[in-house]
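Try each task before you read its solution.

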Amino acid sequence: MSDRLKGKTAVVTGAGSGMGRVIAQLFASEGAQIAVLDVSEDSMRETVSLIEADGGVARAYQADISNAASVEHVRQQIVADFGQVTTLINNAGIFDNNSSLTETDEAVWDRVIAVDLKGIFLMCKAFMPHLQDAHNATIVNTASIAGLVANGGGIAYTAAKHGVIGVTKSIAADYGPAVRVNAVCPGLVRTPQTEYIWADGFGAESKVAFLATTPAKRHAECEEIARAVLFLASADSSFVYGHSLLVDGGWTVS
């Protein structure tokens, strides 16, 4: 590895599994100290153990990013433990099972918006003062192809991810050059969550249909998304502000 993040402290949400775990591991391998955030205590501690086994530095923090009090509590813990925060990776998110307007009840709408959009707002707001005081600070938000087009998810997920891109642009405009803010927009990615969805009849059919219209003819692996996030979080993308980077195997070109 190149130690591109040596001396950095990265906060990674949703780091207990899937893309978040792989992002945390990759960032640690590039020299960053990692604050591992997740709602699942067992999962986040497993991520920390994996990082430490590879010689990295990480600590686990349980938090509900959709709750302002929880975010503030974990912010205080992280600052007390690590001091300066230089990098914020807002990866945590939930799906809505591709539900349409009439299939989506208010509780599902509220929960998806709370985690996938409000959570990013709360995390950015809480950590921005620390990031502004850092050198070459960065934020990378996980959006989605659903943030750019329809049919990448259900109505709540699509609304939330469109919002993530809007929030990314707004913060980038307001806080550059002190803090660079960008988003990554994955297509179909193999994670424990998507594997579960693909296991049923509808999910399996959706996967086949999705891959049929993807030039790459396959899904992404978590590491492929993590490397895109690393690019946006590192000095390799030093002149990139407010951008939404598609990593979708070409699905949106058709």
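Buried means under 20% relative accessible area, exposed means over 50%, and partly exposed lies in between (1.4 Å probe, protein chains only). This is a predicted model, in which local features need pLDDT of at least 70 and side-chain atom pairs count only at pLDDT 80 or more, while totals for chains, interfaces and linings use all residues. Residues are numbered from 1 along each chain as its sequence is written, and side-chain values use heavy atoms, with hydrogens and water left out.

**Exercise 1. Which parts of the chain does the Arg 4 and Glu 30 pair link?**

Step 1: Arg 4 makes a salt bridge with Glu 30, with 3.3 Å between the closest N and O atoms.

Step 2: This pair links distant parts of the chain, 26 residues apart: Arg 4 belongs to the segment before strand S1 (9–12), and Glu 30 to the loop between helix H1 (18–29) and strand S2 (33–38).

Step 3: Arg 4 is partly exposed because its relative accessibility is 34%, whereas Glu 30 is buried at 1%.

Step 4: Now widen the view: Arg 4, Glu 30 and Asp 236 are linked in a network of salt bridges. The structure holds 9 salt bridges.

**Exercise 2. Work out what surrounds Ser 234.**

Step 1: Find Ser 234 in the loop between helix H8 (222–233) and strand S9 (244–247). Its relative accessibility is 3%, so Ser 234 counts as buried.

Step 2: Contact means heavy atoms within 4.5 Å. Beyond its neighbours within four places in sequence, Ser 234 touches Arg 4, Leu 5 and Arg 180.

Step 3: Look for a polar contact (a pair of N or O atoms within 3.5 Å; within protein, one must be able to donate a hydrogen and the other to accept it, and residues adjacent in sequence count only if both atoms are side-chain atoms). The Ser 234 side chain reaches the backbone oxygen of Phe 231 at 3.3 Å.

**Exercise 3. Which backbone oxygens lie by the side chain of Arg 180?**

Step 1: Start in strand S6 (residues 179–186), where Arg 180 is found. Arg 180 counts as buried because its relative accessibility is 7%.

Step 2: A polar atom of the Arg 180 side chain lies 3.2 Å from the backbone oxygen of Leu 232. The side chain of Arg 180 also reaches the backbone oxygen of Ser 237 at 2.7 Å.

Step 3: Leaving aside neighbours within four places in sequence, the contacts of Arg 180 include Ala 137, Ile 139, Ser 234 and Tyr 241.

Key. Helices (H or I, at least four residues) and strands (E, at least two) are DSSP runs, numbered from the N terminus. A salt bridge is a side-chain nitrogen of Lys or Arg within 4 Å of a carboxyl oxygen of Asp or Glu.
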